[in-house]
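Hi,

Here is the structure we talked about handing over. Please have a look at it first; my notes follow below.

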Amino acid sequence: MAKTAEGPAAETRRVEPGAWASRMAALGPGILMASAAIGGSHLISSTQAGARFGWQLAFVIVVANLLKYPFFRFGPQYTVESGRSLVEGYARKGRGYLWVFFVLATVSSVISTAGVGLLGAVILGFMLPDSWAPGIPALATAMMASAWVLLVAGHYRALDAVTKVIIVTLTLATITATFMAASAGSERVAGFVEPTPWTWATLPFLVALMGWMPAPIEISALNSLWIQAKQKLHPSRAKDVLFDFNVGYATSAVLALFFLSLGALVQYGSGVEVATAGGAYVDQLLQMYGTAIGQWAVPLMAVIAFACMYGTVITVIDGYARACAESLRLLRREPEFSRRSLNLWLSGITGVGLVIVVAMSASLATMLTFAMISAFLTAPVFAWLNFSLVRGEGSLSPGLRYLSYAGLVYLAGFAGLFLLDFVGLLG
């Protein structure tokens, strides 16, 4: 088995099997996956879904999380059962499978990095006074360059602990704001007519909403690499690894519904038009916390949201770089995973992602929509790779098997509908 560079979730503490503490010690990779997931899909898409359509799209969020669940779960399940990462599993199935993953992951790496990087830079720009703000390109350069330095220097682990605190803080603040908004009640302007999301015109928004809900499916491969690294330094039982995964997955899924609820309670039917151009919706999102909790909370939530996105940027760059470097190692049949190769991928993904951010700095909505739709269109391929691998080598319960088939039909069906609509065949 190839030597894997130490992952950001690696720990050295050992806990006796069977103790409740062993489950707590296994926490890490699943939380990192949640950190990567809580970004554009939650802060922007979920809240916009509630602001534009009220509670009507809650069902879509639940279904997307449910039907994608098996394909994310296969990452920790395969790794803990076999000791191999999903990327190594693709290589065992055949070089063709690995090439498909490598090419799609390489493209997704820069698109996803650019999407979360641009959102983070826009939030950072909101935090600064106009007289101080140097512009989105400069802010993105500073943010992504600092993320690159942290990763290349190997100082991510210290930031990882802070990131977990930020995720918890954002979660508690969003839940609090939602309950306070619910207790205050929502008022709709006179003559408000509820719009319907069930039209062909809203199909791109629905696909974008589901694309990063809760995250691109290839994140499962990144998660398996983090688990593999942690297992080498702190072996955990299969049930504990799956506990970690389920905690992270459930957290991101439930939090998406709270963000939708916040939009539905504060903005839906209020007469305030939902902003879609540039970074205007970032201001509306943060003002929702001000409306629900108090205006004093707006600057605080801006800091928390930026810290969350900064952690997401680092997690996404780190994970994709490891997956791409490992794929290339296996394609070249090299015996070991090298730090030099990882650093090259860290640099390449950061650099190309930054170029895209600078080019799209005035088009946050367009960039995020493109990234989310791209993730959904490639999702059936990544889902099939994971399913075929676990079906062939791992243990697959009847329930997971049937849920996987339903998920494949759902992913392929919606992707096909969108492509048909895109080329104009559906009118």
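Which residues form a nonpolar patch on the surface? Trp-99, Val-103 and Val-107 do, and together they have about 270 Å² of accessible area. Val-103 sits in helix α6, which covers residues 95-127.

A word on confidence. This is a predicted model. Mean pLDDT for the protein is 83, with 87% of the residues at 70 or more. Take care with residues 1-17: pLDDT stays under 50 there. The model still gives that stretch 60 contacts beyond four places in sequence.

The largest nonpolar core has 136 residues. Leu-57, Phe-101, Leu-170 and Tyr-289 touch the most other members. Helix α13 (residues 297-332) supplies the largest share of this core, with 22 residues.

Beyond its neighbours within four places in sequence, Tyr-289 is in contact with residues including Leu-170, Phe-259, Leu-262 and Met-301. Ala-173, Thr-174, Ala-177, Gly-294 and Ala-297 are also among the contacts of Tyr-289.

Last, Phe-59. This residue belongs to helix α4 (residues 58-82). Is Phe-59 buried or exposed? Phe-59 is exposed, because its relative accessible area is 60% and the cut-off is over 50%. Phe-59 and Leu-257 are 198 residues apart in sequence. In space, their C-alpha atoms are 9.5 Å apart.

Best wishes

Note on methods. Residues are numbered from 1 along each chain as its sequence is written. This is a predicted model: local features need pLDDT of at least 70, side-chain atom pairs count only at pLDDT 80 or more; totals for chains, interfaces and linings use all residues. Side-chain values use heavy atoms; hydrogens and water are left out. pLDDT is the predictor's confidence in each residue, from 0 to 100. Contact means heavy atoms within 4.5 Å. Patches are made of residues with over 30% relative accessible area and no salt bridge: like charges are joined within 9 Å, nonpolar side chains (Val, Leu, Ile, Met, Phe, Trp, Tyr) within 5 Å. Accessible areas come from the Shrake-Rupley method with a 1.4 Å probe; for residues, only the protein chains shown count as cover. A salt bridge is a side-chain nitrogen of Lys or Arg within 4 Å of a carboxyl oxygen of Asp or Glu. Helices (H or I, at least four residues) and strands (E, at least two) are DSSP runs, numbered from the N terminus. Buried means under 20% relative accessible area, exposed over 50%, partly exposed in between (1.4 Å probe, protein chains only). A nonpolar core is a set of buried Ala, Val, Leu, Ile, Met, Phe, Trp, Tyr and Cys residues joined through side-chain atoms within 4.5 Å.
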